[in-house]
Amino acid sequence: MTRSDRYVARDQRRGRGANSRDAGRYERFRQVDDSDGWDMREDMPVLNTQVTVERPRSVINHISSPDLSFDRTLNPYRGCEHGCIYCFARPSHAWLGLSPGLDFETRLVARPEAPEVLARELRARRYKVAPIAIGTNTDPYQPIERDRSIMRACLSVLQEFRHPVAIATKGTLIERDIDILSDMAARNLVKVGITITTLDPDLNRRMEPRVPSPARRLATIRRLSDAGIPVRVMLSPIVPGLIDAEIEPILTAARDAGAQAATWAMLRLPLEVAPLWEAWMDEHYPDRKSRVMSKLRDMHGGKVYDAQWFKRTRGEGAYAALIAQRFTKARKRFGLDGDFPPLDCTAFRPPPRAGDQLSLF
């Protein structure tokens, strides 16, 4: 096991996923933590979450990835306190000059003006409505949302504009917004995906340290479903040799909780995520590391990750085909193989502002 130059001891990073804070790929210089030469023990402080504020000029991100079902996204936050070690969004923190490791989990960026900017963008004459996806990069219902309520404010804007939205989250805080979501669901303006990676609470705590327990997320599926909100379970990521045995149990539990559909994705290790993942396996599951990494290389032509469209989330080869076949059969057997109807884009109407002349009709 090779230790990072910026390795952080366990007692400093309780409740965190990564174990280092190496600089991102754009930094010219590498930082190294070293002794100051004094022969005395010094206790280092525990890493606390720090939040800075960003005032964005735009919040709707237009994308053109052909293997995605949406063409625009919105992110109320940068970074994610959930700390999922496998998160493919970690490399985005390098754009800020921060570490995709522990900085991604502890140095967050909030965008409190996002609701106002969103409303302005939706009012633009050239704007053409299509569902906005939220939660595709960082989780809108991560812990700091409890105090900041930026996601709820954005939802209120979308509700007021009658704009369709698709939400993906692991956060049970979404239950707070059932009042808005149920109203939007009644008008076919929202669908929700709840991610469940494992049913094992110990593995969950290690791999997703600040995410609610699997049982708690299943309860959230039940509450959303009971409120008439269409909800799917997202089994993501499937980790070969670590989680693949749980496909059928997770789908069974999700169906029993009220999920109406299911999707999946294989583990992705782009850029800085790969060394972070390997260091995590060295620390938590060293006996399984060779099997997991071997399966990943088998699916990506000898590499741990291949960013090609349509291959990046599923892989290819015999093992990937086997997982896809198992998931497809299980999803059908449990009645989760349907899909939701397209969200309504015809109801979109910018609400009148103070001073606007109202229509006579």
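What share of the contacts in the protein chain with a separation of 6 or more is between residues 24 or more positions apart? The share is 80%, where a contact means heavy atoms within 4.5 Å.

Before we go on, a word on the model. This is a predicted model, in which local features need pLDDT of at least 70, side-chain atom pairs count only at pLDDT 80 or more, and totals for chains, interfaces and linings use all residues. Residues are numbered from 1 along each chain as its sequence is written, and side-chain values use heavy atoms, leaving out hydrogens and water.

Let's look at the whole chain. The protein chain holds eleven helices and ten strands, which are DSSP runs (helices H or I, at least four residues; strands E, at least two) numbered from the N terminus.

| Property of the protein chain | Value |
|---|---|
| Span of the C-alpha trace along its principal axes | about 80 × 50 × 35 Å |
| Share of the 361 residues that are buried | 52% |
| Positive side chains | 57 side chains |
| Negative side chains | 47 side chains |

Here, buried means under 20% relative accessible area (1.4 Å probe, protein chains only). Lys and Arg count as positive and Asp and Glu as negative, while His and the chain ends are not counted.

Now step inside. The largest nonpolar core has 95 residues; such a core is a set of buried Ala, Val, Leu, Ile, Met, Phe, Trp, Tyr and Cys residues joined through side-chain atoms within 4.5 Å. Helix 4 (residues 150-161) gives this core its largest share, seven residues. L118, I167, L269 and W277 have the most contacts inside the core. Leaving aside residues up to four places away in sequence, W277 touches several others, among them I85, Y86, M207 and L269.

Key: Buried < 20%, exposed > 50% of the residue type's maximum accessible area, 1.4 Å probe, protein only. Charge placed at Lys NZ, Arg CZ, Asp CG, Glu CD.
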